[in-house]
Amino acid sequence: MTTNGTSGDSRPVFFFDIDNCLYSKKCNIHDEMQKLINKFFCKHLDLTPEDAHMLHQKYYKEYGLAIEGLTRHHKIDPLEFNYEVDDALPLERILEPNPKLRELLQALDTSKVKPWLLTNAYVNHAKKVVKLLGIEDLFEGVTFCDYAQLPLVCKPSQDMYAKAEKEAAAPSTESCYFVDDSYLNCKHAAARGWATVHLVEPGVEIPRIPASKYLVSSLEELRVHFPEVFKA
Ligand SMILES: [Mg+2]
């Protein structure tokens, strides 16, 4: 997997979010992560668990990422955060190879489309997740939030989407597909002009105002909406 696209390649790009998108929300990795983030806030900002939780939620709402608030207001090193949160997640106990997902990704016609990962996690976490799911060989690259580079660039910022287009060498903004479980990420990608799919799993409330043109309850439905990028 590389982080740079090759030039002279006119294939559209299909961007896949990773967390709660390539595996189900029901895996509860999000909850495990919330616990580790709250622990990090308590330890490094010397807060009570209640205050840690409140500040964490505030940063999440304001910036889309807790780490963004931590670097802006507390001079926390994002790599230290990554080490104590993302890298500390017990992913090996939770994730396992997913043959059905693998089959779906293999059904993409890579002469017509370039599958690419687009995540707000750091590269370690991104690679670990796709490896555990048994699909790491099916993406041509990954655009991640570079915790080593301040200020952080992450979804739903247009800078992040522009970075993804550049790294994946997308021929144009109009030739990008995108699937993500986050309402905001989808809303801003759709505003950019990407063919955007909001993944809302069964049991999760469907938003009153759609985030984007497409809404699916499973990645399998991508075959229905975009037959042009799948093998006949
Ligand atoms: Mg996600």
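Which residue follows α8, and is its phi positive or negative? Select Ala169: this residue comes after α8 and has a positive phi, near 55°. The model is predicted, so local features need pLDDT of at least 70 and side-chain atom pairs count only at pLDDT 80 or more, while totals for chains, interfaces and linings use all residues. Residues are numbered from 1 along each chain as its sequence is written, and side-chain values use heavy atoms, with hydrogens and water left out.

Next, select helix α8, residues 158-167. Helices (H or I, at least four residues) and strands (E, at least two) are DSSP runs, numbered from the N terminus. At the start of α8, a side-chain oxygen of Ser157 comes to within 3.0 Å of the backbone nitrogen of Asp159. The buried residues of α8 are Met160, Tyr161, Ala164, Glu165 and Glu167; buried means under 20% relative accessible area (1.4 Å probe, protein chains only).

Now select the sheet. Its six strands run in the order β3-β2-β1-β4-β5-β6, open and with parallel pairing; two strands pair if DSSP finds at least two bridges between them. β3 and β6 (214-216) stand at the edges with a single partner strand each, so one side of each has no neighbour in the sheet. Val179 stands opposite Val197 in β5.

Asp19 lies in the loop between β1 and α1 (29-45), and Asp181 in the loop between β4 and α9, 162 residues apart. Both Asp19 and Asp181 are buried.

Terms used:
Buried < 20%, exposed > 50% of the residue type's maximum accessible area, 1.4 Å probe, protein only. Polar contact = N/O pair within 3.5 Å; in protein donor to acceptor, adjacent residues only side chain to side chain.
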